[in-house]
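This report covers one model, its ligand shell, one of its sheets and one of its helices.

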Amino acid sequence: MSVDLSTEVNGIKFENPFILGSGPPGTNAKVISKSFDLGWGGMVIKTISLDASKVVNTNPRYAKLRSHGNNEVIGFQNIELISDRPFETWLEEIKMLKEKYPEKVLIASVMEEYNKDAWHEIIERVQECKPDAFELNLSCPHGLPERKMGMAMGENPDLVEEVCGWVMDVAKIPVWAKMTPNVGDVTAPAEAALKGGVDGISMINTILSVTGVDRKTLRPIPTVQGYTVPGGYSGQAVRPIALRQVMEVARAFPDTPISGMGGIYTGYDAAQFMLLGSSTVQVCTGAMLQGYDCIIKMKEELIEFMEEKGFNSISDFVGHSLSYFSTHANLVERQREAKDKKAGRAGLDAETWKGDIAKETEDLTAN
Ligand SMILES: Cc1cc2nc3c(=O)[nH]c(=O)nc-3n(C[C@H](O)[C@H](O)[C@H](O)COP(=O)(O)O)c2cc1C
């Protein structure tokens, strides 16, 4: 059986569903070209804004959480800002990349202050360079919120709807809104973005975090001249949270394309995001830590998974596992029915049945 990794979202054809997420992998045209050559289906550029002179990074700006067992990096924190490269340079590079790679999908990640004219200007000027789509960064949790950008907008559904509306006034290509995970109910800002008119949702951006405190200096990391700020957490450790949030948005808005991300390192990690409703997936930390050529192995792993399960195309299994989420009361009912069936009994009274479960719990905790 031959499986087909190509997929179409909002009329855009991806040769495979793997996109390099916004961040260091999309820093400039040189690394983006290299990644296209390696086989990534799409690239989201590092987020850009009109005035890069306001963007000043720190060194260091990364902190790693390592496992106690084998010292492997399981979580990654950054306090990196959006791109500090001039807007005009980016315009030239987007144009050049699309001329060089017409078949590859190039997505422009943009961010601006709370100002309608600024959003109109950035969308109109970038659009002239012919990227395939926009991703609105309404979700960076550190640094930018001090300027009322990023998560400062994305956590407020009223602002999300208004800003997405401004963008949709002038956008002529598909627009995805990138959501923050740092809210109680992620469906609220997603709903606001859809009301504002966007075509799809990207999620998740990083989770606000403090990775740790250095044992020698007692300073929290990453430490810049002795001080720090909470940063954005990514990598394997965030995958369960990302999967949960993707599932919630997919269940709430079943017809909305989702580009899912958060801790994807393997083809099967990606497949899980698809099973829970993502039609494309993005990889940022996984590519930084494994090398951008991890795309080769990830594609092989996804093909292997699809062959094993008999799926011919991506659309065969996007959202397949969503129907297995239920309520706690329903799980209890199903468990009870299964036990009764196994014991060949018509249905025990509630007290005896609860006693059964209590006995099982005792047995489990005894070990
Ligand atoms: C160092 C670093 C820089 C990032 N910069 C951006 C950015 O400029 N714009 C953006 O939308 N997301 C940015 N992200 C977030 C990622 O695109 C992604 O949403 C997040 O890291 C979760 O995915 P991952 O676990 O695959 O990294 C950055 C992530 C990292 C680690």
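The text below takes up the ligand shell, then the sheet, then the helix and a loop residue.

The model is predicted: local features need pLDDT of at least 70, side-chain atom pairs count only at pLDDT 80 or more, and totals for chains, interfaces and linings use all residues. Residue numbers start from 1 along each chain as its sequence is written.

The ligand is surrounded by 27 residues, where a residue counts as near if its C-beta atom, placed from the backbone, lies within 6 Å. The closest are Gly21, Gly23, Ser234, Cys284 and Thr285. By class, the shell has nine nonpolar, 15 polar and three charged residues. Here Ala, Val, Leu, Ile, Met, Phe, Trp, Tyr, Cys and Pro count as nonpolar, Asp, Glu, Lys and Arg as charged, and the others, Gly among them, as polar. At least two residues of the shell come from each of β6 (73-78) and α9 (285-290). Helices (H or I, at least four residues) and strands (E, at least two) are DSSP runs, numbered from the N terminus.

Strand β6 also belongs to an open sheet of four strands, ordered β5-β6-β14-β11 with antiparallel pairing. Two strands pair if DSSP finds at least two bridges between them. The edges are β5 (62-66) and β11 (207-209), each with a single partner strand, so one side of each has no neighbour in the sheet. From one strand to the next, the twist averages 35 degrees, with axes fitted to C-alpha atoms and angles running from 0 to 180 degrees between N-to-C directions. Strands β6 and β14 (residues 231-234) run antiparallel and are joined by three bridges. Glutamine 77 stands opposite tyrosine 233 in β14.

Helix α8 (residues 267-275) is largely enclosed by the rest of the structure, because eight of its nine residues are buried. Buried means 20 or more other C-beta atoms within 10 Å of the residue's own, exposed 12 or fewer, and partly exposed in between. Among the buried residues are Phe273, Met274 and Leu275. Elements that cover the buried residues of α8 include those tabulated here.

| Covering element | Residues |
|---|---|
| β3 | 18-20 |
| α7 | 239-252 |
| β15 | 258-261 |
| β16 | 280-283 |
| α10 | 294-309 |

Just after α8, glycine 277 has a positive phi of about 115 degrees.

Phenylalanine 317 lies in the loop between α10 and α11 (328-343). With 17 other C-beta atoms within 10 Å, phenylalanine 317 is partly exposed. Leaving aside neighbours within four places in sequence, phenylalanine 317 is in contact (C-beta atoms, placed from the backbone, within 7 Å) with Met274, Leu275 and Phe311.

Notes. Two residues are in contact if their C-beta atoms, placed from the backbone, lie within 7 Å.
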